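Me: I'm new to this one. Can you put it up, and then we go through it?

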Amino acid sequence: MCGIAGHISFGEPPSAHHVAELIGKIRHRGPDDTGLWVSPGKKCVLGHTRLSIIDLSPLGHQPMVDPETGNSLVFNGEIYNFQTLRKECEAAGDVFRSHSDTEVILALYRRHGIGCLAKLRGMFAFALWNEGQKSMFLARDRAGKKPLNYAVTKAGIVFCSELSPLSRYHCVNNRMDFEALEFYLQCQFIPAPWTIYRGIRKLPPAHYAIFDHDGLKIAPYWEVDYRIKTPITEADALDALEEKLTEAVRLRMISEVPLGALLSGGVDSSIIVALMAKISRAPVNTFSIGFQEEAFNELPWAQDAAKRCGTVHHPEIAKGDVERLLPKLAWHYGEPFADHSAVPSFIVSEAARCHVTVALNGDGGDELLGGYSHYLLPSWVTQLSKHIGGMIPRSLIADWGPRLIGAKTIPQRAARKILMQYINPELRSVMFSSFWNDPDRRLLFPDGPISLLREWRRDWVEQASIHADNPVERMLWLDNHIYLPGALMPKMDIASMHCGLETRSPLLDHEVIEFCAQLPVRFKVKGGVGKYLLKKLAERYFPVEFVHRRKMGFGIPLTSWLRGPLRNVLRETLLDDQIMAPLSAAVIRQTLQEFEAGFGRHESRLWALLMFGFWHNQPRSN
């Protein structure tokens with residue numbers, strides 16, 4: 001796991017010094033080594049900062065150059081099947097100098113070009129300079145675990161693992177993108193390809209890009225289709241899921257440095273730890289975070305899971321001293337980011353890094369097999385939506401839902417319920433209605449470009465209908481393309497890499513994703529139980545009462561913190577009109593007053609405003 005950066009220019013040669021500065025600002029991602037490379041024609045400069053996980057020797061140093069072609073690679077991530085791929089390459093005549101997965105990518109590209117992506121099983125973001133073609137090949141993993149941000153300038157392209165350093169690069173336009181702000185207020189994160197900066201974009205997950213003299217071309221290389229189903233019994237599906245997930249865990253336990261697991265106490269992370277304990281010869285180190293507020297504290301469940309799995313457990317209690325983290329959150333995320341579970345993610349990552357360098361987690365289970373409450377649709381609703389929903393144009397549905405979200409009259413509320421609960425429940429996956437919905441956002445941000453958000457919704461709703469035949473799986477498809485890569489993946493990448501901890505997610509192995517997508521929907525949601533098959537698997541390792549307890553999620557006592565230890569900083573930030581511009585000071589004041597008076601569920605909205613304020617108040621220059 002590492003940090004990467006680079007600058008390619010076909011005009012004025014890029015500066016190695018400037019790229020070195022980019023790398024210096026992301027050194028936390030890879031504190032073990034740094035490297036810089038300039039192409040023979042001085043058109044490309046690549047930089048790398050290394051967190052040594054596999055092949056700790058200097059032979060794993062990056063940027064890594066292919067001696068046969070002169071191609072050069074900077075790579076962030078892990079290729080879990082690299083040993084198998086290496087044997088294939090050796091059988092074809094390749095000779096390797098290191099034991100790293102980086103060198104395997106160079107060999108695969110030499111033989112297969114862009115087709116090498118189909119062979120990679122892992123999490124990655126990389127940039128490969130093709131010396132012969134004088135072009136840059138950029139790629140990002142299928143689930144979007146590893147970030148890749150880029151800026152196209154007049155003469156070339158600059159890229160970096162994190163936004164803050166890239167936004168301060170000398171030739172990058174870092175003015176605020178109002179379209180991205182509109183997305184943030186609606187979603188509480190900014191989906192790819194947008195960033196909060198006009199001049200910077202994110203390469204979407206499962207996409208690659210080629211930059212050459214003709215400019216930048218971006219294309220997808222992978223998609224998951226829920227329409228293709230595998231005829232299988234429940235018993236066989238359960239055995240197959242255990243086998244595939246065990247393999248995914250085993251591959252992610254390959255490490256030459258200390259390894260452990262983040263154990264929330266929920267079903268997903270507990271299954272991962274149970275499989276790790278079955279595979280490992282020594283007790284697994286596990287790490288958990290809890291709160292003094294009982295409603296948010298899963299530590300007892302985490303300790304129960306740790307005891308049953310025989311782990312060496314390290315619990316932590318998060319106090320209300322969150323204010324110290326706010327500037328750190330704003331800097332590392334590099335743009336407004338309002339998933340407040342980033343706070344415990346930062347804390348548990350720091351605690352784990354004191355003992356291990358690699359930690360497995362349970363990310364992705366909810367999006368894999370339907371763990372959220374909005375997936376829990378009765379079978380008759382699924383059938384009704386399947387038959388009636390197809391009669392109404394998707395573009396029209398995507399427009400109706402947001403207009404009805406602020407419904408006041410009984411007929412409007414009835415129409416909203418019929419549309420969003422019975423006809424097209426998947427609308428909930430693109431509306432994020434509990435945040436700054438369309439009517440309220442128009443008041444908060446009257447100059448916001450609402451048309452783009454409307455088109456974005458239409459496109460996703462239409463695409464979901466192409467790749468899934470029922471509302472449950474359309475929601476799964478949408479959440480895997482929007483919420484998972486937009487919120488959950490960046491949250492964990494930044495939270496862990498800010499202290500040099502590598503996190504790995506077996507549930508998001510792309511072969512596991514494909515397997516689960518092909519399962520009948522009844523194995524995902526059945527009898528009012530979400531993640532049905534995953535919970536049946538958990539029952540093989542844990543008691544029924546552990547598996548089927550009420551879902552808590554990875555939240556924080558946000559309301560009490562905003563009314564308590566964060567009250568002063570909340571007021572100081574939100575009541576500063578300059579910091580909060582271009583948002584309406586009047587609407588912000590009214591929202592804050594309602595919250596302080598004890599009515600209005602505004603805590604998520606206020607947290608989003610607070611994180612925007614902390615980001616906006618940072619200096620924009622080097």
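Reply: A term to begin with: rings of Phe, Tyr and Trp form an aromatic pair if their centres lie within 6.5 Å. The model here is a predicted one.

Me: How many aromatic pairs does a search of the whole structure find?

Reply: The search finds 19 aromatic pairs. One of them joins Tyr109 and Phe137, which are stacked, at 5.4 Å centre to centre with 25 degrees between the planes. Tyr109 sits in helix H3 and Phe137 in strand S7, 28 residues apart.

Me: Are Tyr109 and Phe137 buried or exposed?

Reply: Both Tyr109 and Phe137 are buried. They also belong to one aromatic cluster with Phe124, Phe126 and Tyr208.

Me: And why is the pair of Tyr333 and Phe346 tilted?

Reply: The planes of Tyr333 and Phe346 are at 45 degrees, so this pair counts as tilted; the ring centres are 6.0 Å apart. Tyr333 is in helix H9 and Phe346 in helix H10. Tyr333 is buried, with a relative accessible area of 8%, and Phe346 is buried at 0%.

Me: Switching topic: which residues touch the most other members of the largest nonpolar core?

Reply: Phe126, Phe137, Leu326, Leu583 and Trp607 do, in a core of 181 residues. Helix H27 gives the largest share of this core, nine residues. A second, separate core has 18 residues, including Ile8 and Val74.

Me: What about the second largest pocket, how much space lies in it?

Reply: About 880 Å³. Its lining has 49 residues, and the closest to the pocket's centre are Ala192, Pro204, Pro205, His481 and Pro485.

Me: How does that lining divide into nonpolar, polar and charged?

Reply: The lining has 28 nonpolar, 10 polar and 11 charged residues. Helix H19 supplies the largest share of the lining, seven residues.

Methods:
Residues numbered from 1 in each chain as written. Predicted model: local features only at pLDDT ≥ 70, side-chain atom pairs only at ≥ 80, totals over all residues. Heavy atoms only, no water. Core = buried A, V, L, I, M, F, W, Y, C linked by side-chain atoms within 4.5 Å. Buried < 20%, exposed > 50% of the residue type's maximum accessible area, 1.4 Å probe, protein only. Helix = DSSP H or I, 4+ residues; strand = E, 2+ residues; numbered from the N terminus. 1 Å grid on protein atoms, 1.4 Å probe; cavity = no way out; pocket = protein on both sides within 12 Å on 5 of 7 lines; lining within 4 Å. Points joined across faces, edges and corners; volume = space filled by probe spheres on them. Nonpolar A, V, L, I, M, F, W, Y, C, P; charged D, E, K, R; others polar. Phe/Tyr/Trp six-rings, centres within 6.5 Å; stacked < 30°, edge-to-face > 60°.
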